[in-house]
Amino acid sequence: MTDNLITGIYPGTFDPVTFGHLDIIQRASHIVNKLIISVAENKHKKPFFKIDERIIMIKESLNGIDTKNCDINVVGFDNLLVEHAKKCEAKVIIRGLRAVADFEYEFQMAGMNSKLGPQIETIFLMASESLQLTSARFVKEIAFYDGEIKNFVPKNVLEMFEIKRKEKKC
(Lines give C-alpha, C1' and ligand atoms only; values in the text may rest on other atoms or scores of the structure.)
Protein backbone atom coordinates (compact mmCIF):
# COMPACT_ATOMS: atom_id res chain seq x y z
CA MET A 1 0.00 0.00 0.00
CA THR A 2 1.37 3.39 -0.93
CA ASP A 3 1.31 6.32 1.48
CA ASN A 4 -0.96 8.42 -0.72
CA LEU A 5 -3.66 5.73 -0.96
CA ILE A 6 -6.50 6.67 1.35
CA THR A 7 -8.95 3.98 2.42
CA GLY A 8 -12.16 5.14 4.00
CA ILE A 9 -14.97 3.31 5.72
CA TYR A 10 -18.59 4.41 5.51
CA PRO A 11 -20.35 2.42 8.24
CA GLY A 12 -24.04 2.11 8.87
CA THR A 13 -26.95 -0.22 9.27
CA PHE A 14 -28.34 0.74 5.84
CA ASP A 15 -31.76 -0.68 6.71
CA PRO A 16 -32.54 0.12 3.90
CA VAL A 17 -30.04 2.04 1.78
CA THR A 18 -31.55 5.41 0.78
CA PHE A 19 -30.73 8.13 -1.72
CA GLY A 20 -29.17 9.97 1.24
CA HIS A 21 -26.72 7.10 1.79
CA LEU A 22 -25.93 6.96 -1.92
CA ASP A 23 -25.25 10.70 -1.94
CA ILE A 24 -22.70 10.29 0.86
CA ILE A 25 -21.16 7.28 -0.92
CA GLN A 26 -20.76 9.19 -4.16
CA ARG A 27 -19.24 12.23 -2.46
CA ALA A 28 -16.95 10.11 -0.26
CA SER A 29 -15.71 8.24 -3.33
CA HIS A 30 -14.36 11.56 -4.62
CA ILE A 31 -12.28 11.96 -1.43
CA VAL A 32 -10.78 8.50 -0.91
CA ASN A 33 -9.13 6.01 -3.27
CA LYS A 34 -10.84 3.02 -1.70
CA LEU A 35 -14.21 3.08 0.06
CA ILE A 36 -15.43 0.22 2.17
CA ILE A 37 -19.15 0.40 2.80
CA SER A 38 -19.43 -1.44 6.09
CA VAL A 39 -22.85 -2.82 6.90
CA ALA A 40 -23.34 -3.29 10.63
CA GLU A 41 -25.07 -6.41 11.86
CA ASN A 42 -26.42 -4.25 14.72
CA LYS A 43 -28.79 -6.64 16.48
CA HIS A 44 -29.65 -3.89 18.99
CA LYS A 45 -31.52 -1.99 16.25
CA LYS A 46 -33.41 -5.12 15.15
CA PRO A 47 -33.02 -4.47 11.40
CA PHE A 48 -35.96 -5.19 9.09
CA PHE A 49 -33.70 -6.57 6.34
CA LYS A 50 -31.13 -9.30 6.95
CA ILE A 51 -27.49 -8.24 6.61
CA ASP A 52 -27.02 -10.18 3.37
CA GLU A 53 -30.11 -8.47 1.90
CA ARG A 54 -28.76 -5.05 2.89
CA ILE A 55 -25.39 -5.83 1.29
CA ILE A 56 -27.08 -6.92 -1.95
CA MET A 57 -29.30 -3.82 -2.00
CA ILE A 58 -26.27 -1.54 -1.61
CA LYS A 59 -24.27 -3.33 -4.32
CA GLU A 60 -27.19 -3.13 -6.74
CA SER A 61 -27.82 0.53 -5.84
CA LEU A 62 -24.25 1.50 -6.78
CA ASN A 63 -24.88 0.86 -10.49
CA GLY A 64 -24.79 4.14 -12.36
CA ILE A 65 -23.24 6.20 -9.55
CA ASP A 66 -20.21 8.31 -10.48
CA THR A 67 -17.50 7.11 -8.10
CA LYS A 68 -14.48 8.69 -9.86
CA ASN A 69 -12.81 5.26 -10.24
CA CYS A 70 -12.79 4.76 -6.49
CA ASP A 71 -12.45 1.09 -5.52
CA ILE A 72 -15.66 0.30 -3.62
CA ASN A 73 -16.32 -2.79 -1.53
CA VAL A 74 -19.42 -3.63 0.48
CA VAL A 75 -18.86 -5.83 3.54
CA GLY A 76 -20.66 -6.78 6.72
CA PHE A 77 -19.21 -6.44 10.20
CA ASP A 78 -20.25 -7.25 13.75
CA ASN A 79 -17.46 -5.90 15.93
CA LEU A 80 -16.29 -2.49 17.12
CA LEU A 81 -16.09 -0.04 14.25
CA VAL A 82 -12.53 0.98 15.14
CA GLU A 83 -11.38 -2.65 15.16
CA HIS A 84 -13.08 -3.18 11.82
CA ALA A 85 -11.42 -0.01 10.44
CA LYS A 86 -7.99 -1.18 11.65
CA LYS A 87 -8.51 -4.59 10.03
CA CYS A 88 -9.42 -2.84 6.75
CA GLU A 89 -6.40 -0.51 7.08
CA ALA A 90 -8.72 2.49 6.84
CA LYS A 91 -7.38 5.96 7.55
CA VAL A 92 -10.79 7.63 7.78
CA ILE A 93 -14.30 6.89 8.93
CA ILE A 94 -16.91 8.76 6.93
CA ARG A 95 -20.17 9.76 8.56
CA GLY A 96 -23.14 11.61 7.12
CA LEU A 97 -24.94 14.36 9.01
CA ARG A 98 -28.49 15.43 8.29
CA ALA A 99 -29.22 17.79 11.14
CA VAL A 100 -27.93 19.19 14.43
CA ALA A 101 -29.46 16.21 16.26
CA ASP A 102 -27.16 13.88 14.29
CA PHE A 103 -24.12 15.96 15.17
CA GLU A 104 -24.30 15.45 18.94
CA TYR A 105 -24.43 11.66 18.66
CA GLU A 106 -21.79 11.54 15.89
CA PHE A 107 -19.52 13.92 17.82
CA GLN A 108 -19.60 11.62 20.85
CA MET A 109 -18.98 8.55 18.71
CA ALA A 110 -16.05 10.22 16.93
CA GLY A 111 -14.57 11.09 20.31
CA MET A 112 -14.79 7.51 21.53
CA ASN A 113 -13.39 6.20 18.25
CA SER A 114 -10.43 8.60 18.48
CA LYS A 115 -9.62 7.22 21.94
CA LEU A 116 -9.77 3.64 20.64
CA GLY A 117 -7.96 4.33 17.36
CA PRO A 118 -6.17 7.70 17.36
CA GLN A 119 -4.63 6.98 13.95
CA ILE A 120 -8.10 6.93 12.33
CA GLU A 121 -9.79 10.25 11.53
CA THR A 122 -13.52 10.84 11.28
CA ILE A 123 -14.82 12.95 8.40
CA PHE A 124 -18.35 14.36 8.48
CA LEU A 125 -20.20 15.02 5.23
CA MET A 126 -23.35 17.09 5.40
CA ALA A 127 -26.33 15.61 3.61
CA SER A 128 -27.22 17.39 0.41
CA GLU A 129 -29.99 19.89 1.04
CA SER A 130 -32.60 17.93 -0.90
CA LEU A 131 -31.86 14.77 1.14
CA GLN A 132 -31.60 16.16 4.68
CA LEU A 133 -34.97 14.79 5.75
CA THR A 134 -34.37 11.29 4.38
CA SER A 135 -33.81 8.64 7.01
CA ALA A 136 -34.01 4.86 6.74
CA ARG A 137 -36.19 4.77 9.86
CA PHE A 138 -38.79 7.07 8.29
CA VAL A 139 -38.63 5.19 4.98
CA LYS A 140 -39.42 1.93 6.79
CA GLU A 141 -42.30 3.51 8.69
CA ILE A 142 -43.81 4.93 5.50
CA ALA A 143 -43.40 1.57 3.75
CA PHE A 144 -44.99 -0.36 6.64
CA TYR A 145 -48.13 1.74 6.23
CA ASP A 146 -48.10 1.22 2.45
CA GLY A 147 -46.97 4.77 1.80
CA GLU A 148 -45.02 5.81 -1.29
CA ILE A 149 -41.23 5.61 -0.83
CA LYS A 150 -40.01 5.86 -4.44
CA ASN A 151 -38.62 9.37 -3.82
CA PHE A 152 -36.37 8.08 -1.03
CA VAL A 153 -34.89 4.77 -2.24
CA PRO A 154 -33.61 3.18 -5.46
CA LYS A 155 -35.85 0.89 -7.51
CA ASN A 156 -34.13 -2.28 -6.27
CA VAL A 157 -34.95 -1.32 -2.67
CA LEU A 158 -38.60 -0.76 -3.61
CA GLU A 159 -38.61 -4.25 -5.07
CA MET A 160 -37.13 -5.72 -1.86
CA PHE A 161 -39.88 -4.07 0.18
CA GLU A 162 -42.49 -5.64 -2.14
CA ILE A 163 -40.91 -9.07 -1.69
CA LYS A 164 -40.92 -8.64 2.11
CA ARG A 165 -44.55 -7.45 2.07
CA LYS A 166 -45.61 -10.55 0.14
CA GLU A 167 -43.66 -12.78 2.55
CA LYS A 168 -45.41 -11.18 5.54
CA LYS A 169 -48.89 -11.66 4.01
CA CYS A 170 -48.41 -15.42 3.53
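Predicted model: local features only at pLDDT ≥ 70, side-chain atom pairs only at ≥ 80, totals over all residues.
A look at the packing comes next. In soluble globular proteins, nonpolar side chains tend to be buried together. Here, the largest nonpolar core has 29 residues, and Leu35, Ile37, Ile58, Leu62 and Ile94 have the most contacts inside it. At least two residues of this core come from each of H1 (19–28), S2 (34–40), H2 (51–61), S4 (92–97), H5 (136–144) and H6 (155–169). H1 supplies the largest share, four residues. A second, separate core comprises ten residues, among them Ile9, Ile36, Val82 and Ile120.

Charged side chains also deserve attention, with five salt bridges found in the whole structure. One of these joins Asp15 and Lys140, at 2.8 Å from N to O. Asp15 sits in the loop between S1 and H1 while Lys140 belongs to helix H5, so this pair ties together parts 125 residues apart in sequence. Asp15 and Lys140 are both buried. Another salt bridge brings together the side chains of Lys164 and Glu53 (3.1 Å, N to O). Because Lys164 is in helix H6 and Glu53 in helix H2, the pair ties together parts that are 111 residues apart in sequence. Lys164 and Glu53 are likewise buried. Arg95 and Glu106 form a further salt bridge, their closest N and O atoms lying 2.6 Å apart. Arg95 is in strand S4 and Glu106 in helix H4 (residues 100–116), eleven residues apart. Both members of this pair, Arg95 and Glu106, are buried.

Finally, a loop residue is worth a visit. Thr134 is found between strand S5 (121–126) and H5. With a relative accessible area of 9%, below the 20% cut-off, Thr134 counts as buried. Leaving aside neighbours within four places in sequence, Thr134 is in contact with Thr18, Gly20, Arg98 and Phe152.

How values were computed:
Residues numbered from 1 in each chain as written. Heavy atoms only, no water. Core = buried A, V, L, I, M, F, W, Y, C linked by side-chain atoms within 4.5 Å. Buried < 20%, exposed > 50% of the residue type's maximum accessible area, 1.4 Å probe, protein only. Contact = heavy atoms within 4.5 Å. Salt bridge = Lys/Arg side-chain N within 4 Å of Asp/Glu carboxyl O.
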